[in-house]
Amino acid sequence: HSILSDAGLADSTGYLNVDHASLQHKKYDNIFGLGDVINAPTTKSFYGGLSQVAVLRHNLERRLNGLSLNAKYDGHAKVALYTSPHSLANIEHKYGGQ
């Protein structure tokens, strides 16, 4: 993600450097991120991003109103794993593989 690196927004891995719970940038408190672009140690999936939306929206609204951030993303992600042409398994986890 050269755009993030060139702007000074990325960590050493090249992903947006956010707090893994609040999804707020670690250096710039007016920047939030979600989805595949952030450095959260969880599976990059549609459902992971979907779980992040509510946290980000809540915390961004609180930030705009001068309040402390209190919503926390727990790392929830879900992926469909195709086990055969006719079956699949849903795999879900939170941070730390829970």
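**Exercise 1. Work out how exposed E61 is, and describe its salt bridge with R57.**

Step 1. E61 has a relative accessibility of 42%, so E61 counts as partly exposed; the scale used here calls a residue buried under 20% relative accessible area, exposed over 50% and partly exposed in between (1.4 Å probe, protein chains only).

Step 2. R57, at 56%, counts as exposed.

Step 3. Closest N and O atoms of R57 and E61 are 3.6 Å apart, and the two form a salt bridge. The term stands for a side-chain nitrogen of Lys or Arg within 4 Å of a carboxyl oxygen of Asp or Glu.

Step 4. Both residues belong to helix 2, 4 residues apart, about one turn of the helix. Helices (H or I, at least four residues) and strands (E, at least two) are DSSP runs, numbered from the N terminus.

A note before you go on: this is a predicted model, where local features need pLDDT of at least 70, side-chain atom pairs count only at pLDDT 80 or more, and totals for chains, interfaces and linings use all residues. Residues are numbered from 1 along each chain as its sequence is written, and side-chain values use heavy atoms, with hydrogens and water left out.

**Exercise 2. Find out whether Q52 is buried or exposed, and list what Q52 touches.**

Step 1. Locate Q52: its place is in helix 2.

Step 2. With 3% relative accessibility, Q52 counts as buried.

Step 3. Leaving aside residues up to four places away in sequence, Q52 touches L23, L34, G35, I38 and Y73. Contact here means heavy atoms within 4.5 Å.

**Exercise 3. Describe the aromatic pairs and the charges over rings of Y47 and Y15.**

Step 1. There are 2 aromatic pairs. Rings of Phe, Tyr and Trp (its six-membered ring) pair if their centres lie within 6.5 Å; planes under 30 degrees apart count as stacked, over 60 as edge-to-face and the rest as tilted.

Step 2. F46 and Y47 are edge-to-face, 5.1 Å centre to centre with 80° between the planes. F46 is exposed at 60%, whereas Y47 is partly exposed at 39%.

Step 3. For Y73 and Y95, the ring centres are 5.6 Å apart and the planes stand at 80°, so this pair is edge-to-face. Y73 is in the loop between helix 2 and strand 1 and Y95 in the segment after strand 2, 22 residues apart.

Step 4. Look for charges: the charged end of K78 sits over the ring of Y47, 4.8 Å from its centre, and K44 lies over the face of Y15, at 4.8 Å from the ring centre. The rule asks for NZ of Lys or CZ of Arg within 6 Å of the ring centre and within 35 degrees of the ring normal.
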